[in-house]
Amino acid sequence: MPVSADIEAGYGPEPDAVAATMTAVVQAGAIGVNLEDRSGRDEAPLFEPAEQAERLAAARAAADRLAVPVWINARTDLFLAGVGPAQERLRAAQERAAAFAAAGADSLFVPGLIDLDAIAELAAGPLPVSVMVWAGAPTVSELTSAGAVRISLGSAIAQAAYAVAARATTELLTNGTYDSTADGIPYDQTNDALASR
């Protein structure tokens, strides 16, 4: 299976750090990455569009030097982090999409955005749009009809699994029962799924 790596914000603010991270993950076998625009700075939680574009360009150049066609999913956390006035986020995302496309990104990942009209507006721009979903978000068919080409569950499945573990532990320690584990995948099916083919 092709592997896409979530390289967070590139493990360093400077383009050189992003290039080094991209080189390492591509040499390890990744053919796709998510690269986000979170800066880690309190006063400016996201890199400015021009800053992030330089970082994306460094990632693209690193992949090109290795002669590996890598898909760069440029992530913006405008919506997820609630950066700036709500009514200005779509326009800001469109500006970022244009800058990121010019820098060599292949798609725009906009976690936190599930408004179908806004997705459609972004999808009309220079990059295919990727979104993240959770319980209560529009359906896959609604999202794809709006123009989303990639749909991620992010950490939702892991969070749901940990919630089952927490419920089972609480039940065991309080009631002394184990009913919350009733719908698990049978043991032999789990083993079969992990067996080499």
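Q: Against which elements do the buried residues of helix 3 pack?
A: In this predicted model, the buried residues of helix 3 are Arg89, Leu90, Ala92, Ala93, Arg96, Ala97 and Phe100. The elements they pack against are helix 2, strand 3, strand 4 (107–109) and helix 4.

Q: Within what arc do the buried residues of helix 3 fall, seen down its axis?
A: An α-helix has 3.6 residues a turn, so residues three or four places apart point the same way. The buried set of helix 3 includes Arg89, Ala93, Ala97 and Phe100. The buried residues line one face of helix 3, because seen down the axis they fall within an arc of 150 degrees.

Q: What distance does helix 3 reach from its first C-alpha to its last?
A: Helix 3 has 14 residues, and at 1.5 Å a residue a reach of 20 Å is expected. The reach in the model is close to that expectation, at 20 Å.

Q: Which residue just after helix 3 takes a positive phi?
A: Helix 3 covers residues 89–102. Just after this helix, a positive phi of about 110 degrees is taken by Gly104.

Q: Which residues does Leu122 contact, leaving aside its neighbours within four places in sequence?
A: Leu122 is one of the residues with the most contacts inside the largest nonpolar core. Its contacts include Leu90 and Ala93, both of which are buried residues of helix 3.

Q: How many residues of strand 2 are buried?
A: In a regular strand the side chains alternate between the two faces of the sheet. On one side of strand 2, Gly32, Asn34 and Glu36 are buried, and on the other Val33 and Leu35 are buried, which leaves both faces covered. The number of buried residues in strand 2 is five of five.

Q: Which residue stands opposite Gly32 in strand 2?
A: Strand 1 (residues 4–6) pairs with strand 2 in the parallel sense, over three bridges. The residue opposite Gly32 is Ser4.

Q: Which residue of strand 5 does Phe109 stand opposite?
A: Strand 4 and strand 5 run parallel and are joined by two bridges. Both faces of strand 5 are covered, with Val129 and Val131 buried on one side and Ser130 and Met132 on the other. The residue that Phe109 stands opposite is Ser130.

Q: With which side chain does the side chain of Asn73 make a polar contact?
A: Asn73 lies in strand 3 and is buried, with a relative accessible area of 2%. Among the residues it touches are Val33, Asn34 and Leu35, as well as Ser107, Phe109 and Ser130. The polar contact, at 2.8 Å, is with the side chain of Asn34.

Q: Which side chain makes a polar contact with the side chain of Asp77?
A: Asp77 is found in the loop between strand 3 and helix 3. Its relative accessible area is 0%, so Asp77 is buried. Its contacts include Glu36, Asp37, Arg38 and Pro111. The polar contact, at 2.6 Å, is made by the side chain of Arg38.

Q: Is Ala67 buried or exposed?
A: Ala67 lies in the loop between helix 2 and strand 3. Although Ala67 is not a glycine, it has a positive phi of about 60 degrees. With a relative accessible area of 67%, above the 50% cut-off, Ala67 is exposed.

Q: What relative accessible area does Glu8 have?
A: Glu8 is placed in the loop between strand 1 and helix 1. Its phi is positive, about 50 degrees, although Glu8 is not a glycine. Glu8 is partly exposed, with a relative accessible area of 34%.

Q: Which backbone oxygen lies 2.8 Å from a polar atom of the side chain of Thr23?
A: Thr23 is found in helix 1 and counts as partly exposed, at 22% relative accessibility. Leaving out residues up to four places away in sequence, Thr23 touches Ala62 and Leu66. The backbone oxygen in question belongs to Ala19.

Technical notes. Residues are numbered from 1 along each chain as its sequence is written. This is a predicted model: local features need pLDDT of at least 70, side-chain atom pairs count only at pLDDT 80 or more; totals for chains, interfaces and linings use all residues. Side-chain values use heavy atoms; hydrogens and water are left out. A nonpolar core is a set of buried Ala, Val, Leu, Ile, Met, Phe, Trp, Tyr and Cys residues joined through side-chain atoms within 4.5 Å. Buried means under 20% relative accessible area, exposed over 50%, partly exposed in between (1.4 Å probe, protein chains only). Helices (H or I, at least four residues) and strands (E, at least two) are DSSP runs, numbered from the N terminus. Contact means heavy atoms within 4.5 Å. The expected span of a helix is 1.5 Å times one less than its number of residues. The arc is that of the directions from the helix axis to the C-beta atoms. A polar contact is a pair of N or O atoms within 3.5 Å; within protein, one must be able to donate a hydrogen and the other to accept it, and residues adjacent in sequence count only if both atoms are side-chain atoms. Two strands pair if DSSP finds at least two bridges between them.
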